[in-house]
Amino acid sequence: MSKSPKSFSKLEIIPLKGLNILSFGSEIAHALSVLGDPEEREQLKNDILNSDSEVYHYWNLGLSLFFNKQSGLKLTCIEVDSKEVVLWGKKLFTLSVDEIKALFQQNGYEVSETENHEWGETRISFDEALMDLYFEKDILTSVNFGYFYDDPSYYFFPN
C-alpha cells in the first residue's frame, strides 16, 4: 500500500545539507518514509555531466528530489518552488532579488554568476553554497541546490 505525500508545517533549506526534513545522501526508501509516494517519477540523463538520476516530484509540496545513480541512488539535488520554504529564517520567495543577495552575503556567500536567458529567465548562482536561484521578471520561481557526493569519478563544472 502506497503512502500519500505528507504535508509539513515548515520546509527549510539547509545549504550543503538538504532540508530540515531530509538530508543529502539519503536513500530513496528513507525519502519515501519521510515524504510518502511522489506524484510523479522521472528518469533523467545528463550527457554533459555523464550522470543519470531518478527524480521524484512532489508537486503539492513544491519539491523535486534527484537521486543520482552514480552515487548509488542517493539524494544529491533538490529543486524547490514552494512559496513557504525558509532559508536562514526568511521566507525566501517573499524577498526581492536584492534582499536575497543580501541574505546570502550575510551568511557568507557571494554571487558567483548571473545569467540572463533569452527566454526571460535569470539564474543567480552561489557556487560555494551549490545553489542556483531562478527568477522571472525579478520574481523568484525556483531554487536548485545540492552537495558534493564522495565519488572520485564525479567532476563538478563550475558556472
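Let's start at one end of the sheet in this predicted model: strand β9 is joined to strand β10 (residues 121-126) by four bridges, and the two run antiparallel.

Now zoom out. β9 and β10 belong to an open sheet of eight strands, paired antiparallel, and the order across it is β3-β4-β5-β6-β12-β11-β10-β9. At the edges sit β3 (40-46) and β9 (113-116), each of which pairs on one side only. Going from one strand to the next, the twist averages 20°.

Two helices lie across strands of this sheet. Helix α1, residues 28-35, lies across β3, β4 (51-58) and β5 (63-68), and its direction is at about 10° to β4. Helix α2, residues 97-106, lies across β10, β11 (131-136) and β12, this time running at about 170° to β11.

Next, pick out a single residue in β12. That strand covers residues 139-146, and Ser142 lies in it. Is Ser142 buried or exposed? With a relative accessible area of 11%, Ser142 falls under the 20% cut-off, so it counts as buried.

Who are its contacts? Leaving aside residues up to four places away in sequence, Ser142 touches Glu79, Val80, Asp81, Phe93, Asp132, Leu133 and Tyr134. Take Val80 from that list: along the sequence, Ser142 and Val80 are 62 residues apart, yet in space their C-alpha atoms are 5.6 Å apart.

Definitions and conventions:
Residues numbered from 1 in each chain as written. Predicted model: local features only at pLDDT ≥ 70, side-chain atom pairs only at ≥ 80, totals over all residues. Heavy atoms only, no water. Buried < 20%, exposed > 50% of the residue type's maximum accessible area, 1.4 Å probe, protein only. Contact = heavy atoms within 4.5 Å. Pairing = 2+ DSSP bridges. Axes fitted to C-alpha atoms, helices over the stretch in contact; angles between N-to-C directions.
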